[in-house]
Amino acid sequence: MNLFFFLLFAIIAVVCAVSVVAQRHPISSALSLIGVMGSLAVLYLLLGAEFIATAQIIVYAGAVMVLFIFVIMLLNAGAEDRGGKRSLLASALGVPAIVALLGVLCYFVQRWFPNAGTVQFDAWRGGSAQAFGYALFTDYLLPFEVTSVLILIAIIGAIVLARKELD
Amino acid sequence: MVFFIITLIKLALIAFVLLTALAYLQWVERKVIAHVQVRMGPSRVGPHGLLQPLADVIKLITKEGVIPPHVNKFFYLGAPFLAVFMALISISVIPFGTQISAFGYTTQMQLTDVNVGLLVILAISSMGVYGIALAGWASNNKYSLLGGLRSSAQMISYELPLSLALAAPLLMVGTLSLREVVNGQAGFQLGFIPKWTIFSFPSPQIFSFLIFMIAAFAETNRVPFDLPEAENELVAGFHVEYSSMKFAAFFMAEYANMVTVCSVATLLFLGGWQPLWPVEYGSNFLAPAILFLAGAICIYHGINWARPLDKYTLPAFGVIFFLLAGLMAFPPVVPVLMPIFWFCAKLGILLFVFVWIRATLPRLRYDQLMGFAWKFLFPVALLNLLVTGLLVALFS
Amino acid sequence: MPSLPFQDAVPVSWYLLLSAVLFTLGVAGFIIRRNIITVFMCIELMLNAVNLSFVTFANQHRQVSGQIFTFFVMVVAAAEAAVGLAIILTVFKNRDTLNIDEINTLKN
């Protein structure tokens, strides 16, 4: 079952990610990205990170992507036109460069983690909400406080940017 | 194998009961609003209009499904499906009773007990906004688009006070599993006050409950926060272009969301299936007493009938109520049925409040709605969480 | 459950390879797309791919720290989305376009 679920959701994630890049309309891209995030949440569950899995859905799919869709709808962004000239260098070297990047990443994964062990569902229960919260509020208390300041700054920044366009 | 069979049976049972209840919730809503406004409500199809939901379903299924030519077909057809899917799926983690034993197998009255059950509900309900937003966008109509935009802004705004209001009782019970939450509220203080988080020491969660209910009205797009579908300004908002079953799907989603938020309020604030007063003082006799009273009233009005048909229908209902009262008082089934009765009673009262407010309050203006969420509800929820945390830390 | 003919476990490296594939797709989209919102979404895709590696490492080392990194990445991504989308709105109001090729001047 481990293998089945991993393969199923890995394939869904990759197909949706390809769709994010390939779709012409921003709304289709956004929905494909939600698909990626949903399948990643299932993979997090398989990896024993139940809190992160729900946080992924609540924060990413439920809040960040709603903002994206909201902005796309607000600006009434249409489909991207594929015409226009592209630089010759980019079209010639683009695909090889991407493939090379993927090759390098895969090489390092295989080089450094050839026998890194296996993942089995339920073999490790360290990602429960209790364990996560305990670590967050003891070992990582300072980073946690700093992120709250960061969020405050982001809120103020967003308000300032939105206010400027009002007047 | 047995596990899968039991799960399938539970699934079929819950789906059947839930869908029937959703259809009849519509009937109850129409009846209650009618009586608040001194009207009759549905009364032609079947006795007291009881077959009206069935007639509505048949009408909606057999109606022609119009697809306007200017819509984005894929998203237009996907949106109602998404809305109803997200609304129904969150029911699966809600417990509604203790446990049941039959033929040597014991199973819990819940589809799945998840460790992070409450977070799962929040996650799924936060996905529900896509159905409405996409419906508004794909309809390619300015009123729909405005409705979709309003709904997405409204739902992200009200999710904050909603989650903060939920966090306060969680501080007191200290778990995210909904079954554990209810078990943590068992028992009584001073012998008779139930230990529900809304009453319990050290910090009664009355304010959390009120904040949660207000935010829940906005999350389910109900009056007074039904701006996404405001009839008199946006025609009907995001579902202008929808007809037949696609239209019904949005209504089903709305009612299913209502049931979900009311269940969450029941589980977290009102002690789930814990009785209002101890069993020693006879709380088990409340259900048979209410049903017996209902049966007696039916029989009385059947004898002194106002309309000729009442001679037959009301005594029939009376007999059904008497039988149910007998079942509720039958000792072997009491431990199974009593939790379900208490859960359904609390859920029913909250659902009635939803309908009652729809019949009473006018709609807010849009800027008032957003101002209320950000300038009043959010700070109050934050303050409430702080005070609760302080009290819990001081007294435990 | 009947026992399977092979070991029912997924190698850690498969998760990392999936993460690498998603990251590469994000990079590709970031480079080839012209709509500024889609470019932004490709950044989110890359962040998600990195999150997957973090959670995988958390599982491999049996430590919750990797998940906490993921949590911080999520928080930063949320803050970034709020500010970034506000910037996009302002840009659209000023330039009336979402095409990044046309947003190439520092001043009007």
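Q: Which backbone oxygen lies 2.9 Å from a polar atom of the side chain of Lys31(B)?
A: A polar contact is a pair of N or O atoms within 3.5 Å, where within protein one must be able to donate a hydrogen and the other to accept it, and where residues adjacent in sequence count only if both atoms are side-chain atoms. In this structure the backbone oxygen is that of Pro42(B), which lies 2.9 Å from a polar atom of the Lys31(B) side chain. This is a predicted model, in which local features need pLDDT of at least 70 and side-chain atom pairs count only at pLDDT 80 or more, while totals for chains, interfaces and linings use all residues. Residues are numbered from 1 along each chain as its sequence is written, chains are lettered from A and ligands numbered from 1 in the order in which they are written, and side-chain values use heavy atoms, with hydrogens and water left out.

Q: Is Lys31(B) buried or exposed, and which residues does Lys31(B) touch?
A: Buried means under 20% relative accessible area, exposed means over 50%, and partly exposed is in between, with a 1.4 Å probe and protein chains only. Lys31(B) counts as buried because its relative accessible area is 11%. Contact means heavy atoms within 4.5 Å, and, not counting residues up to four places away in sequence, Lys31(B) touches Met40(B), Gly41(B), Pro42(B), Ser43(B) and His48(B).

Q: Where is the place of Lys31(B), and is His35(B) buried or exposed?
A: Helices (H or I, at least four residues) and strands (E, at least two) are DSSP runs, numbered from the N terminus. Lys31(B) has its place in helix α1 of chain B, residues 2–36, and His35(B) lies in helix α1 of chain B as well. His35(B), however, is exposed, with a relative accessible area of 52%. The C-alpha atoms of His35(B) and Ala381(B) are separated by 35 Å, and the two residues are 346 residues apart along the chain.

Q: What does the domain assignment of chain B give?
A: Domain bounds come from an automatic or database domain assignment. For chain B that assignment gives domain 1 (1–55) and domain 2 (63–100 + 111–274 + 330–395). The centres of these two domains of chain B, taken over C-alpha atoms, are separated by 19 Å, and the contact takes 13 residues from domain 1 and 16 residues from domain 2.

Q: What is the area buried between domain 1 of chain B and domain 2 of chain B?
A: Buried area is the accessible area (1.4 Å probe) that two parts lose on being put together, summed over both. Between the two domains of chain B this area is about 1400 Å², of which carbon and sulfur atoms give 82%. Leu22(B), Leu25(B) and Glu29(B) supply 38% of the area that domain 1 of chain B buries against domain 2 of chain B, more than any other three residues.

Q: How many salt bridges does the rule find across the interface of domain 1 of chain B and domain 2 of chain B?
A: A salt bridge is a side-chain nitrogen of Lys or Arg within 4 Å of a carboxyl oxygen of Asp or Glu. The rule finds two salt bridges across this domain interface of chain B, and it also finds four residue pairs in polar contact there, both residues at pLDDT 80 or more. Elsewhere in the description of chain B, the side chains of Glu29(B) and Arg358(B) meet in a salt bridge at 3.0 Å, N to O.

Q: How many residues of chain B are in contact with chain A?
A: In this model 21 residues of chain B are in contact with 22 residues of chain A. Chain B and chain A bury about 1900 Å² between them, 79% of it on carbon and sulfur atoms, and in chain B it is Tyr130(B), Trp137(B) and Leu149(B) that lose the most area to chain A, together 29% of what that side buries. The count of salt bridges between chain B and chain A is zero, whereas two residue pairs are found in polar contact across their interface.

Q: Which chains have the most contacts among the two pairs that touch?
A: The most contacts are between chains A and C, where 82 residues of chain A are in contact with 73 residues of chain C. Chain B and chain C do not touch, and their nearest C-alpha atoms are 8 Å apart.
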